[in-house]
Amino acid sequence: MPRGRRGGRVSALEGGREEAAPPAAQWASARQPEAAAERILLRGIFEIGRDSCDVVLSERALRWQPIRPERLPGDSKYDFLQKEEFVELKDIFSVKLKRRYSIKQKRSGTLLGITLFICLKKEQNKLKDSTLDLINLSEDHCDIWFRQLKKILAGFSSRPKSLKILLNPQSHKKEATQVYYEKVEPLLKIAGIKTDVTRSTNVLAHSLHGVSHVVTATLHIIMGHIQPVDVCTFSTIGKFLRFGFSAMFGFGGRALAVAEDHRWMSPNQRMDFAIMKALAKLKPEECEISFLPFNSSQDLEERRAQGYPKSDCNDQWQMIQGQFLNVSIMAIPCQCSVAPRGLAPNTRLNNGSMALITARNTSRPEFIKHLKRYASMKNQFNFPFVDTYTVEEVKVCPRSNSSGHHPEEDHGPRGTASGNCFPWNVDGDLMQVASEVHVRVHPRLINLYGRSMEEMIPK
């Protein structure tokens with residue numbers, strides 16, 4: 001990121017001339033050690049801030065330092081003032097010619113220089129857009145630099161040229177459309193990305209970005225930050241059901257089924273009501289849960305790569321059974337506003353594993369304590385009735401009549417397709433299944449725009 005003056009636009013000044021790039025050794029002593037070996041592409045004079053600066057464009061960075069009179073020996077003040085500043089090219093997402101327009105100038109205004117649009121890393125996993133102005137009134141000088149910078153930016157092949165935007169007009173208190181046109185679209189236009197808007201929603205944003213921040217999400221797209229993500233398949237006996245990233249059976253499924261029966265309410269009211277009703281009628285489900293533990297050993301990976309059947313690589317299926325209030329299966333952390341650490345905080349986006357979290361039958365007050373822990377930074381699994389497993393596959397087989405009630409008693413027509421169907425919450429969508437559900441993770445199946453938490457947290 002730019003060092004020293006951050007975040008704001010810098011002022012303009014005329015002047016400057018084009019120079020051939022000198023040997024790198026001439027600046028080597030003033031730069032960071034890794035910069036000495038970089039091939040210099042351009043060198044010239046621009047005004048940055050209020051200083052006339054010697055600016056060098058190399059293969060990896062744009063570097064500059066003020067042009068000062070030759071300092072006197074031992075003058076520490078000038079040592080500080082001549083400290084080099086830089087911005088890495090990978091953090092620049094657009095370049096424009098900077099012009100001043102007047103009423104009389106209908107087409108092109110007066111050239112002032114070049115503006116660089118930069119992506120900065122801020123606190124709490126947030127990204128911020130900023131600008132850096134390189135001021136020089138020479139058309140030829142700026143044209144050479146502009147074309148070289150455009151060529152460099154075109155070389156970032158992971159950055160998109162056009163996008164289909166999926167927008168949910170009901171989200172963010174029905175302000176999603178306004179947020180898009182005020183905060184997202186202007187950045188996409190600066191980056192030169194063509195867009196087409198349609199309507200949908202995104203359950204991955206918080207887990208991918210570590211924060212619910214629309215500018216951060218937009219900049220991840222613009223910068224081409226690609227993150228491979230694990231995906232789950234859900235199937236029943238002899239039938240594929242759907243793809244997904246997370247699922248809840250029991251309390252989580254019933255609460256969603258109640259919410260689907262009250263779509264006439266606002267989203268927040270509907271979910272609050274559904275949770276209260278599901279808690280009021282809290283009942284366990286008799287289940288048999290089979291799972292294949294996750295094995296990340298190098299030997300296992302090599303055996304799979306060589307084509308060994310999965311059963312030959314790891315056939316140690318385990319089984320638990322009993323009465324469960326809730327069963328969660330998560331291939332991603334599932335961070336959200338009500339669970340800042342995530343519903344499965346120890347799960348990663350792409351390590352080929354899922355979190356299996358079971359809450360056995362307990363009293364309503366104890367289960368509510370468990371739920372409230374999700375909203376805090378405390379360990380939500382530190383209860384005697386909660387167990388966690390790291391798995392590759394899971395089979396959940398409910399026993400429909402063993403708990404003495406039928407699912408339709410709790411949720412009405414939307415909650416079940418028939419008397420023996422059970423509601424599942426898969427990524428916030430209601431899935432109704434009458435028999436065993438088999439969940440299997442597929443490592444790094446798709447690529448999405450975002451960064452893993454390990455990459456976002458400053459070291």
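The model is predicted, so local features were taken only at pLDDT of at least 70 and side-chain atom pairs only at pLDDT 80 or more, while totals for chains, interfaces and linings use all residues. Residues are numbered from 1 along each chain as its sequence is written, and side-chain values rest on heavy atoms, with hydrogens and water left out.

Cysteines come first. With a disulfide taken as a pair of cysteine sulfur atoms within 2.5 Å, the count is 0 disulfides. Burial was judged by relative accessible area (buried under 20%, exposed over 50%, partly exposed in between, using a 1.4 Å probe and protein chains only). On that scale C53 is buried, at 0%, and C421 is buried too, at 8%.

Next, the rings. Rings of Phe, Tyr and Trp (its six-membered ring) were paired if their centres lie within 6.5 Å; planes under 30 degrees apart were called stacked, over 60 edge-to-face, and the rest tilted. That gives 10 aromatic pairs. One of them joins F291 and Y389, a tilted pair with 4.7 Å from centre to centre and 40° between the planes. It links distant parts of the chain, as F291 belongs to strand β14 (residues 285-293) and Y389 to strand β17 (residues 386-398), 98 residues apart. Strands and helices here are DSSP runs numbered from the N terminus (helices H or I, at least four residues; strands E, at least two). The two partners sit on either side of the burial cut-off: F291 is buried at 2% relative accessibility, whereas Y389, at 22%, is partly exposed. Another tilted pair is made by F383 and F385, with centres 5.5 Å apart and planes at 40°; both of these residues are buried. Elsewhere, F249, F422 and W424 come together as one aromatic cluster.

Requiring a side-chain nitrogen of Lys or Arg within 4 Å of a carboxyl oxygen of Asp or Glu, the tally is 13 salt bridges. Among them is R99 with E139, whose closest N and O atoms are 3.8 Å apart. Since R99 is in strand β6 (residues 92-100) and E139 in helix α3 (residues 139-154), this bridge ties together parts that are 40 residues apart in sequence. Both ends are partly exposed, R99 at 24% and E139 at 44%.

A second bridge pairs R242 with D429, the closest N and O atoms being 3.5 Å apart. Here strand β12 (residues 239-244) carries R242 and strand β19 (residues 429-433) carries D429, so the contact ties together parts that are 187 residues apart in sequence. R242 is partly exposed at 22%, and D429 is partly exposed at 39%.

A local bridge, E366 with K369, has its closest N and O atoms 3.2 Å apart. Both residues lie in helix α12 (residues 364-373), 3 residues apart, about one turn of the helix. E366 is partly exposed at 25%, as is K369 at 47%.
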